[in-house]
Amino acid sequence: MTQPYKKVALIGLGLIASSMFWAMKRGSVAETVSGYARSPESRETARRIGLCDEVCESAAEAVKDADLIVLAVPVGAMGAVAKEIEPHLKAGATVTDVGSVKETVIEAVGPHIPDGVHFVPAHPMAGTEHSGPESGFATLFDNRWCLIVPAEGSEDEAVVRLESYWQELGANTERMEVAHHDLVCAVVSHVPHLIAYTMVGVADDLRRVSDQEVIKFSAAGFRDFTRIAASDPTMWRDVFLTNKQATIEILGRFTEELMALQRAIRTGDGEQLHAYFTHTRAIRRGILDAGQDTDAPDFGRAKVDR
Ligand code: NAP
């Protein structure tokens, strides 16, 4: 194991930051990890469970002497946090983030990066529906992808160092251009979440009519939607407010496909439905073959290791 950074500061101590901490500890990836969360409750929880070597009372204190600073707060809060730590960053340090949207984060954080400090945005493509300091676990990033999205002016040496850091946490890394990142994430993550939220909302309406049936028979597909729809409301509100353009574009395409399927059902076009579902089944097989999910009924998510 190598240590790309000696001291790492985690700003925000939720699912992603706490998983990064346990993964760093597992592999001795950093010498010291400091952390800061906005609420006293989260800081207290972090101290109780041993999350971070040092839990600080301010973001400014946490970033002192840090070689890597990770912004792990909701996308809409990134700019304000960057502004707060700006005067306290060490020369030569790297600031990164884990936000699910990149263009807006780069716009919000970029102006607060002082000369002599590197900024390399990133996005680990791993998560669960849980949030908060107690939700993290060391294996979250194992064999998952972390997209590295260099901003204008990100120096190559700083980018390579962040890549090796994520690899030490267990992830595979790939560089991606900013607008492409936001479009890809709209397809593979953001719109699927919106659809899950909608489906659960629709079923809840129905529940008023059919009493407990929706819950009772939920194993039939709906259960997986409810897991996704339990994701953190603040995080997802910010994702849709900041990845507006790509989300709307993909939603438009989704609506067109849905209409085509609706028409096939109405006209009894079984051939079209069968061909469509055969194609989507092949996509699922591809995900399993790439080792990005498991075929277990619970998708292998029941077991959580710290
Ligand atoms: P989380 O578990 O909800 O934790 C969020 C952290 O941010 C908490 O420490 C919270 O502090 C703090 N925070 C919330 N609002 C804040 C504000 N206005 N100012 C300062 N701090 C604030 O979230 P997470 O799942 O770790 O997500 C963190 C980031 O990772 C987000 O940008 C998200 O888009 C991205 N991401 C998430 C996933 C996922 O699946 N969850 C995957 C990849 C990337 P308190 O605890 O004190 O409230």
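Figure 1. Cys52 is buried, at a relative accessible area of 8%. The model shown here and in the views below is predicted. Cys52 sits in the loop that runs between helix H2 (40-49) and strand E3 (54-55). Its phi is positive, about 85°, although Cys52 is not a glycine.

**Figure 2. Asp65, a partly exposed loop residue with positive phi.** Asp65 belongs to the loop between helix H3 (59-63) and strand E4 (68-71). Phi of Asp65 is near 65°, positive in a residue other than glycine. Asp65 has a relative accessible area of 44%.

Figure 3. The ligand is surrounded by 27 residues. The closest are Arg38, Ser39, Ser42, Val73 and Ser100. By class, the shell holds 14 nonpolar, 11 polar and two charged residues. Helix H1 (15-26) and strand E7 (122-124) each contribute at least two residues to this shell.

**Figure 4. Backbone atoms at the ligand oxygens.** A backbone N or O atom of Val73 is 2.7 Å from an oxygen atom of the ligand. For Leu13, a backbone N or O atom lies 2.8 Å from a ligand oxygen atom. A polar backbone atom of Leu15 is also 2.8 Å from an oxygen atom of the ligand. Taken alone, the ligand exposes 900 Å², and the protein buries 84% of that area.

**Figure 5. The buried salt bridge of Asp97 and Lys102.** The side chains of Asp97 and Lys102 form a salt bridge, 2.8 Å from N to O. Asp97 is found in strand E5 (residues 94-97). Are the two partners buried or exposed? Asp97 has a relative accessible area of 0% and therefore counts as buried. Lys102 is likewise buried, at 0%.

Figure 6. Arg161 and Glu157 both lie in helix H6 (residues 156-168). They are four residues apart, about one turn of the helix. Their side chains meet in a salt bridge of 2.9 Å, N to O. Arg161 is partly exposed, with 36% relative accessibility. Glu157 is partly exposed too, with a relative accessible area of 45%.

Figure 7. A salt bridge joins the side chains of Asp238 and Arg237 (3.0 Å, N to O). Asp238 counts as buried at 6% relative accessibility, whereas Arg237 is partly exposed at 47%. Elsewhere, salt bridges with shared partners link Arg43, Glu44, Arg47 and Glu57 into one network. The whole structure contains 15 salt bridges.

**Figure 8. Met20 and Gly136, apart in sequence.** Met20 is placed in helix H1. Met20 is buried, with a relative accessible area of 1%. In sequence, Met20 and Gly136 are 116 residues apart. In space, their C-alpha atoms are 7.9 Å apart.

Figure 9. Which residues make the nonpolar surface patch? Met199, Val202 and Phe225 form it, over about 230 Å². Met199 lies in helix H7 (residues 178-210). Its relative accessible area is 36%, so Met199 is partly exposed.

Definitions and conventions:
Residues are numbered from 1 along each chain as its sequence is written. This is a predicted model: local features need pLDDT of at least 70, side-chain atom pairs count only at pLDDT 80 or more; totals for chains, interfaces and linings use all residues. Side-chain values use heavy atoms; hydrogens and water are left out. A residue is near a molecule or strand if one of its heavy atoms lies within 4 Å of it. A polar contact is a pair of N or O atoms within 3.5 Å; within protein, one must be able to donate a hydrogen and the other to accept it, and residues adjacent in sequence count only if both atoms are side-chain atoms. Accessible areas come from the Shrake-Rupley method with a 1.4 Å probe; for residues, only the protein chains shown count as cover. Ala, Val, Leu, Ile, Met, Phe, Trp, Tyr, Cys and Pro count as nonpolar, Asp, Glu, Lys and Arg as charged, and the others, Gly among them, as polar. Patches are made of residues with over 30% relative accessible area and no salt bridge: like charges are joined within 9 Å, nonpolar side chains (Val, Leu, Ile, Met, Phe, Trp, Tyr) within 5 Å. A salt bridge is a side-chain nitrogen of Lys or Arg within 4 Å of a carboxyl oxygen of Asp or Glu. Buried means under 20% relative accessible area, exposed over 50%, partly exposed in between (1.4 Å probe, protein chains only).
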